[in-house]
Amino acid sequence: QSPVTKPQSTSTAIIEIDNPASVKRQLAQLFDLSLRATVPDEPDVVPLIDACAVKGGVKFGDYQCNNAMGIWSKMKGKQTGFRGPPAIGQAIVNNLPPSEMIDSCSVAGPGFVNVVLSKKWIAESLQRMLIDGINSWAPRLPVKRALIDFSSPNIAKEMHVGHLRSTIIGDTLARMLEFSRVECVIRRNHVGDWGTQFGMLITNLFEKFPNPDDVSEADIGDLQAFYKASKVRFDSDPEFKLRAQQAVVRLQSGEIKYRKAWKQICDVSRAEFDKVYQRLGVQLEERGESFYNPYIPGVLEKLDNLGLIEESDGARVIYVEGVDIPLIAVKRDGGYNYFTTDLASLWYRLNEEKLEWIVYVTDIGQQQHFDMLFKAYRRAGWLPKDENAYPKCTHIGFGLVLGEDGKRFRTRSSEVVRLVDLLDEAKRRCKIAILERDTAKDWSEEEIEKTSEAIGYGAVKYADLKINRLTNYTFNFDQMLNDKGNTAVYLLYAHARICSIIRKSGKDIEEVKRNGKIVLDHEDERALGLHLLQFPEVYEEACTYLLPNFLCEYLYNLAEIFTKKFYANCQVVGSPEETSRLLLCEATVTVMRHCFYLLGIEPVYRL
Ligand code: ARG
């Protein structure tokens, strides 16, 4: 499968956001006033504001307003009095209301309006954030109750790297929604705890332990191996297969002995999943597929009453717009499937849990499944016809995890990789690197453990999150643990180094915050200050497209600007500008830590 990347600029925003801290938005407000005055007869013109890119090593401003050209082509032929786009650009400048934000404006080329922000305003805005805290930059999403359905491995089958991706991305999305002032964010683990696989597992279990009370966790042991063994029996022994199929029926009809065995198998699986969640620091609320079983008949009946269910080849199906094949709600043998459960769980989420936004995080292979599910709901009138209206459902897809050979990620013996082993390996490698450092001898055992975990698990997460989730990604320890590349290791080291600059000054940073003042006279101080202030607009992009890679790119650039520009050219400790520069260091670590938090990475303070 080839990677699928949507060009980001053309994909549409998933959600609108109210984001008053964004510099871009604040400028848009000013330019909106100017545009009203410049072209009063064109009320539909919306301000087009962008951060300036560096062209040929120079930047003509911090931001630009790109409306003049569009207005000109729209108004050509009308009597306007403007002689061309540059004249419109100049009029836009002249009509700008006075503002503390802007230092100067100029018109360039075919009519771009370049804006240079006031360094005093940048400094004061940063200082305010330091005093009020980073939450004062939080935007607001138009929903109060949201659910992220993520991780969701299948019991007794394997929890594979795809589930790891879902876990990492889903956790970050949940954190982003929380930061965006969604009051209730449910992190839901929709585990596959109900399916025909249990028939063969239980049958195999009963062969070894006729009395389920005799079974202990240790007996089931390695569930993956147990699953495999059961599968071999199922595929090769027709008599076993028959008993397995009967076991499914007996389990579904609620027979105590079968229920008990089912629960035991689930518990073993859960313990294994929890080891992964515990290492990653991810919180999830489990509500497996089995939970929705009692709701299935009612939901099917409602859909039937609405005339959505048709007979096809003995199965009961639902046709949806634009898809040739129907979704199968009830199989020919009367059994339910993955779709049936999702029909019921979505009903429950909308009607019982009263959720306004439901986000499903799975690989892109399941895109059609969710597309059909949402379409069926729209047909039933259970979701609004307008896809952007609430309540709303969104499928967030991601690409495959590949090994270095470019194929699906597997171990050498072509087994599915055990996730716990994978995470432990990342930690082990980080520990070796830490022990090689001189400073390690002053560290306690606990500090070494904690730091290895923060860096190791952080590196696994960051490697996944830094690429556009829609693309496939190659799992490579050497790359993700490289301390010089765009990795969590590099970023965590950079953070620790800035913390140590602040410590070395011997100043009480809270005291400096209260009494000091940021001044951005040096161009590299200004560049750092501006980048810090751009966090809200980058965050907005990450949030409206649900693309955490924007945050990673921002964070990496922040570390680069700090290290290669600011710190390379502006002495901090012992300089006349020490107070201001310490505040810039503090603002940098504040924003960095917030990015780490959103990405689920534990910061490191000392190295
Ligand atoms: N268990 C599924 C899998 O492993 C993912 C479940 C996603 N959530 C849902 N509501 N279908 O592919």
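Predicted model: local features only at pLDDT ≥ 70, side-chain atom pairs only at ≥ 80, totals over all residues.
Residues are numbered from 1 along each chain as its sequence is written.

**Overall view**

I recorded 22 helices and 14 strands in the protein chain. Helices (H or I, at least four residues) and strands (E, at least two) are DSSP runs, numbered from the N terminus. The C-alpha trace spans about 85 × 70 × 40 Å along its principal axes. Of the 607 residues, 41% count as buried. A residue is buried if 20 or more other C-beta atoms lie within 10 Å of its own, exposed if 12 or fewer, and partly exposed in between, with C-beta atoms placed from the backbone.

**The antiparallel sheet**

I then examined an open sheet of four strands, whose order is β1-β2-β4-β3 with antiparallel pairing. β1 (49–51) and β3 (102–108) are at the edges with a single partner strand each, so one side of each has no neighbour in the sheet. The twist averages 25° from one strand to the next. Two strands pair if DSSP finds at least two bridges between them. β2 (residues 63–65) and β4 (residues 112–117) have three bridges, in the antiparallel sense. Tyr 63 has Val 115 of β4 as its bridge partner.

**The parallel sheet**

I found five strands in another open sheet, ordered β7-β6-β5-β11-β12, with parallel pairing. Its edge strands, β7 (285–286) and β12 (392–398), each pair on one side only. β6 (residues 184–189) joins β7 over two bridges in the parallel sense, and Arg 188 has Glu 285 of β7 as its bridge partner. Helix α5 (residues 161–179) lies across β5 (145–149), β6, β11 (357–363) and β12, at about 155° to β11. For this angle, axes are lines fitted to C-alpha atoms, for helices over the stretch in contact, and angles run from 0 to 180 degrees between N-to-C directions.

**Around the ligand**

Which elements each supply at least two residues of the shell around the ligand? I found that α12 (338–351) and β11 do. Residues around the ligand include Asp 149, His 190, Asp 342 and Tyr 360; a residue is near a molecule if its C-beta atom, placed from the backbone, lies within 6 Å of it.

**Helix α20**

Is helix α20 (residues 535–544) mostly covered or exposed? I found the helix mostly covered, with eight of its 10 residues buried. Among them are Phe 535, Val 538 and Tyr 539. Their cover includes α1 (23–38), α5, α19 (523–533), α21 (549–569) and α22 (578–599). Just after α20, Leu 546 has a positive phi of about 45°.

**Arg 429**

I placed Arg 429 in helix α14 (residues 419–435). Arg 429 counts as partly exposed because 18 C-beta neighbours lie inside 10 Å. Not counting residues up to four places away in sequence, Arg 429 touches Gly 456, Phe 477 and Leu 481. Phe 477 is 48 residues from Arg 429 along the chain, yet their C-alpha atoms are separated by 8.8 Å.

Notes:
Contact = placed C-beta atoms within 7 Å.
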